[in-house]
Amino acid sequence: MATSLVALVSGCATSMSPAQFGESFPKATTSEYYSKPSAEAAIREGNCSIAVKDRKYVAPIGLTVHGDVKNGAVGVDEWVAADKANAYTINNYEWISVPIGEDYATQLILHFDTLLCP
């Protein structure tokens, strides 16, 4: 049974394309998402302000990349709430390989700004 689980996890993708990430991550959060250009415009026009700039969050390892996204979304939502903000924009993200025993798992690292928008 353990061997089939390792084979199942090993056969899964270890990252997402930018389009896949851009579609799935905002759906996984409860906070309002602003694309980078939308956030810059909202700040420039005075509709939003940056609560905290360039946070770094290392999400707990998920069983799959979709689990990584879910764990990252929970962390971003927690930071948005802790900053007394209500929105965020992703500045950058990356998946790294983390050794676990003789195998490797993926871990998502996010860089984002928390925003206060009306």
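User: Leaving aside its neighbours within four places in sequence, which residues is Y34 in contact with?

Analyst: Some ground rules to start: this is a predicted model, so local features need a pLDDT of at least 70 and side-chain atom pairs count only at pLDDT 80 or more, while totals for chains, interfaces and linings use all residues. Residues are numbered from 1 along each chain as its sequence is written, and side-chain values use heavy atoms, with hydrogens and water left out. Contact here means heavy atoms within 4.5 Å. With neighbours within four places skipped, the partners of Y34 are A39, A42, C48, A87, Y88, T89, I90, L115 and C117.

User: Where does Y34 lie, and is Y34 buried or exposed?

Analyst: Helices (H or I, at least four residues) and strands (E, at least two) are DSSP runs numbered from the N terminus, and Y34 lies in the loop between β1 (32-33) and α3 (36-44). For accessibility, under 20% relative accessible area is buried, over 50% is exposed and in between is partly exposed, using a 1.4 Å probe and protein chains only.

User: How far apart are the C-alpha atoms of Y34 and Y88?

Analyst: Along the chain, Y34 and Y88 are 54 residues apart. Y88 is also among the contacts of Y34. Their C-alpha atoms are separated by 6.1 Å.

User: The side chain of T89 reaches the backbone oxygen of which residue?

Analyst: T89 sits in strand β3 (residues 87-100), and its relative accessibility is 1%, so T89 counts as buried. One polar atom of its side chain lies 3.5 Å from the backbone nitrogen of K36. A polar contact is a pair of N or O atoms within 3.5 Å; within protein, one must be able to donate a hydrogen and the other to accept it, and residues adjacent in sequence count only if both atoms are side-chain atoms. The backbone oxygen reached by the T89 side chain, at 2.9 Å, belongs to Y34.

User: The side chain of T114 makes a polar contact with the side chain of which residue?

Analyst: T114 lies in strand β4 (residues 103-116), and at 0% relative accessibility it counts as buried. Beyond its neighbours within four places, T114 is in contact with several residues, including W79, V80 and Y88. The side-chain partner in the polar contact, at 2.8 Å, is D83.

User: At roughly what angle do the axes of helix α2 and helix α4 cross?

Analyst: Axes are lines fitted to C-alpha atoms, for helices over the stretch in contact, and angles run from 0 to 180 degrees between N-to-C directions. Under 35 degrees counts as roughly parallel, over 145 as roughly antiparallel, 65 to 115 as roughly perpendicular and the rest as oblique. The axes of α2 (residues 18-28) and α4 (residues 65-82) come within 8 Å and cross at roughly 50 degrees. That makes α2 and α4 oblique.

User: How many nonpolar, polar and charged residues are in the contact of α2 with α4?

Analyst: F21, S24, F25 and A28 of α2 meet V69, G72, A73, V76 and D77 of α4. Ala, Val, Leu, Ile, Met, Phe, Trp, Tyr, Cys and Pro count as nonpolar, Asp, Glu, Lys and Arg as charged, and the others, Gly among them, as polar. The count comes to six nonpolar, two polar and one charged.

User: Let's zoom in on A28: which residues does A28 touch, not counting residues up to four places away in sequence?

Analyst: A28 is in helix α2, and with a relative accessible area of 36% it is partly exposed. Its C-alpha atom and that of N71, 43 residues apart along the chain, are separated by 9.0 Å. The residues it touches are V69, A73 and D77.

User: What phi does K84 have?

Analyst: Most residues other than glycine have a negative phi. K84 is found in the loop between α4 and β3, and it is exposed, with a relative accessible area of 68%. K84 is not a glycine, yet its phi is positive, at about 55 degrees.

User: In which order do the elements run from the N terminus on?

Analyst: The protein has four helices and four strands. Of its 118 residues, 36% count as buried. From the N terminus on, the order is α-α-β-α-β-α-β-β.
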